[in-house]
Amino acid sequence: MESGALSTAEFKEFAKDYILFCHITSMVEGEKYPKLLQEKGGRGFPYVVAMDAEGDVLAPLSGPRTTEGFATLMQGAADYMELAGKAELTAAEATKLFLIKLGMGKFDLDQAKAEAAKLSDVSEEDQAKIDDALLGMEIGSLAPKARTPEAAAAAGQAYAE
């Protein structure tokens, strides 16, 4: 990334409006924040997110690693903050906030199902997104926690059921 989007004049101009933070998880003994990647929900490198001043993740980068992708990331964070700060939400806003939180991994499967059940007047398009996300979470919950033949067989049985 550093020899790509991050090195362009367009990105340098874009970055003037934000505080950029880079943490390199090194796995070196004595590192100040050795588990920061996992704590913020990262599973691989690079893991790019927008965070608030307290370090809470507001939005993950889901688009391309370009200035446009970073702008979309920051807009997603702004949308989340705006919706999360509202005292009352319309049905459409509640659905949008739920989908944002779902995408951020803010719920476990049971919480997500409970929150989804509270939504009303959900469009067919949004319901399809919710159903896909819940199915993905359910499949993920059945995935083996260890890489053994026995764990794989148990997961396969659970998938078949």
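This is a predicted model: local features need pLDDT of at least 70, side-chain atom pairs count only at pLDDT 80 or more; totals for chains, interfaces and linings use all residues.
**Helix α6.** I started with the span of α6, residues 124-142. Its 19 residues reach 27 Å from the first C-alpha to the last, close to the 27 Å expected at 1.5 Å a residue.

**Its two sides.** Which residues of α6 are buried? I noted Asp-126, Ile-130, Leu-134 and Met-137. They sit on the same side of α6, because the arc they cover around the axis is only 65°. Then I looked at the other side of α6, where Glu-124, Glu-125 and Asp-132 are exposed.

**The cover.** Next I asked what covers the buried residues of α6. The cover includes α4 (91-103) and α5 (109-118).

I went back to the loop between α5 and α6, which holds Asp-121. Asp-121 is not a glycine, yet its phi is positive, at about 50°. Buried or exposed, I wondered about Asp-121? Asp-121 is exposed, with a relative accessible area of 71%.

**A nonpolar patch.** Last, I looked up a nonpolar surface patch of about 350 Å². Leu-135, Ile-139, Leu-142 and Tyr-159 make it. I checked which element gives the most to this patch, and α6 does, with three residues. Tyr-159 belongs to helix α7, residues 149-160. I have Tyr-159 down as partly exposed, since its relative accessible area is 41% and the partly exposed class runs between under 20% for buried and over 50% for exposed.

Note on methods. Residues are numbered from 1 along each chain as its sequence is written. Side-chain values use heavy atoms; hydrogens and water are left out. Helices (H or I, at least four residues) and strands (E, at least two) are DSSP runs, numbered from the N terminus. The expected span of a helix is 1.5 Å times one less than its number of residues. Buried means under 20% relative accessible area, exposed over 50%, partly exposed in between (1.4 Å probe, protein chains only). The arc is that of the directions from the helix axis to the C-beta atoms. Contact means heavy atoms within 4.5 Å. Patches are made of residues with over 30% relative accessible area and no salt bridge: like charges are joined within 9 Å, nonpolar side chains (Val, Leu, Ile, Met, Phe, Trp, Tyr) within 5 Å. Accessible areas come from the Shrake-Rupley method with a 1.4 Å probe; for residues, only the protein chains shown count as cover. A salt bridge is a side-chain nitrogen of Lys or Arg within 4 Å of a carboxyl oxygen of Asp or Glu.
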